[in-house]
Amino acid sequence: MGADLVEQFATRVATGLEHHLQDTVDLVERTPQRHFKLHLHEGHSIEARAVIMATGVRAQRLFVDGESEFFLRGLSYSAISHAPLFAGRDVAIIAGGDRAVAAARILAPLANHIYYIIARPQRIGDLEAAEETLSDPKISVFRGWEMQQVVGDAFVTGIDLVGISGEVRHVPVDGVFVQFGLLPNNGAVRNLVQLDADGHIIVDENCATSTPGLFAAGDVTTVCAEQFVVSLGEGAKAALAAWRYLAEPGA
Ligand SMILES: Cc1cc2nc3c(=O)[nH]c(=O)nc-3n(C[C@H](O)[C@H](O)[C@H](O)COP(=O)(O)OP(=O)(O)OC[C@H]3O[C@@H](n4cnc5c(N)ncnc54)[C@H](O)[C@@H]3O)c2cc1C
């Protein structure tokens with residue numbers, strides 16, 4: 001079971017660590033000696049010669065009725081992770097940017113029918129390719145409709161939409177994919193490293209950021225793949241890179 005595996009990982013990691021602090025890093029600063037000072041939420045700070053940021057992302061939520069209730073009971077924030085669960089089913093995709101178009105591409109070969117709901121249009125890189133994806137007869141596009149609530153019993157059974165003139169419409173679906181952009185948890189180092197347009201920390205192939213000694217791994221970086229196994233591998237790469245950095249003279 002996943003939970004058992006996580007517990008085994010946690011035990012293994014904890015036994016190899018000299019210090020294990022459970023706290024939130026509010027800010028990472030560069031010291032005059034070119035080390036790092038980490039300000040922890042509980043009030044104290046620690047100094048380090050190298051830092052690896054592996055703080056992940058958080059999904060943008062809709063904040064509508066039923067969203068929390070049906071999370072992982074038909075409602076998902078990640079098509080790449082959960083699309084296969086909806087093979088042959090009717091699903092809704094909520095949002096209107098690149099991430100939603102990518103979700104439509106992932107779901108189109110699997111789902112029975114897709115309702116694509118755009119209330120708030122977002123930035124789209126390749127509009128022509130997006131329109132081509134959405135012209136699939138399996139996809140019904142609802143422009144100008146806003147999600148009002150997710151409804152269901154044990155699992156999602158549908159969504160209620162509200163139109164610009166206030167009319168309400170119920171759409172029966174088995175799954176809801178809320179696909180706004182992801183928000184990388186970059187706050188602690190935002191002023192220290194280069195970020196891409198979406199806020200991911202830019203890293204090279206060795207997980208190095210634009211600041212020497214500061215490494216980053218996983219979904220918070222430009223490598224973001226929303227897959228455990230990718231983040232695990234990136235974490236291992238970052239650890240090796242940090243270890244090599246610390247072995248350099250003067251680090
Ligand atoms: C509901 C859900 C289902 C998923 N299902 C799958 C799946 O089936 N298969 C799959 O491969 N992937 C799945 N994913 C994606 C997978 O969880 C992520 O890709 C992976 O966990 C990313 O790992 P990470 O280490 O980069 O970040 P995370 O696992 O997100 O870890 C980041 C950690 O950093 C902590 N943190 C953040 N900011 C700070 C701070 N300032 N100070 C201290 N700590 C901080 C966070 O609390 C968190 O514990 C799913 C994700 C979600 C949300």
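Predicted model: local features only at pLDDT ≥ 70, side-chain atom pairs only at ≥ 80, totals over all residues.
Me: Switching to domains. What does the assignment give?
Reply: Two entries come from the domain assignment. Domain 1 is 21-58 + 182-247. Domain 2 is 61-178.

Me: What separates the domain centres?
Reply: The distance is 33 Å, with centres taken over C-alpha atoms.

Me: OK, sheets. What is the strand order in the open sheet of 5 strands?
Reply: The order is β6-β13-β7-β8-β9. Pairing there is parallel.

Me: Which strands are at the edges?
Reply: β6 (75-76) and β9 (139-143). Each of these pairs on one side only.

Me: How many bridges join β7 to β8?
Reply: There are 5 bridges. β7 covers residues 90-94 and β8 covers 113-118, and the two run parallel. Asp90 has His113 in β8 as its bridge partner.

Me: Which helix lies across β7 and β8?
Reply: Helix α3, residues 98-107. Helix α3 also lies across β9 and β13 (175-178). Its angle to β7 is about 165 degrees.

Me: What about the open sheet of 3 strands, parallel or antiparallel?
Reply: Antiparallel, in the order β10-β11-β12.

Me: Why is one side of β10 and of β12 left without a neighbour in the sheet?
Reply: β10 (146-152) and β12 (168-172) stand at the edges. Each has a single partner strand, so one side of each stays without a neighbour in the sheet.

Me: How many degrees are neighbouring strands turned against each other there?
Reply: On average 25 degrees, direction ignored.

Me: Last one. How many bridges join β10 to β11?
Reply: β10 and β11 (residues 156-162) are joined by 6 bridges and run antiparallel. Gly152 stands opposite Val156 in β11.

Terms used
Residues numbered from 1 in each chain as written. Pairing = 2+ DSSP bridges. Helix = DSSP H or I, 4+ residues; strand = E, 2+ residues; numbered from the N terminus. Axes fitted to C-alpha atoms, helices over the stretch in contact; angles between N-to-C directions. Domains from an automatic or database assignment. Contact = placed C-beta atoms within 7 Å.
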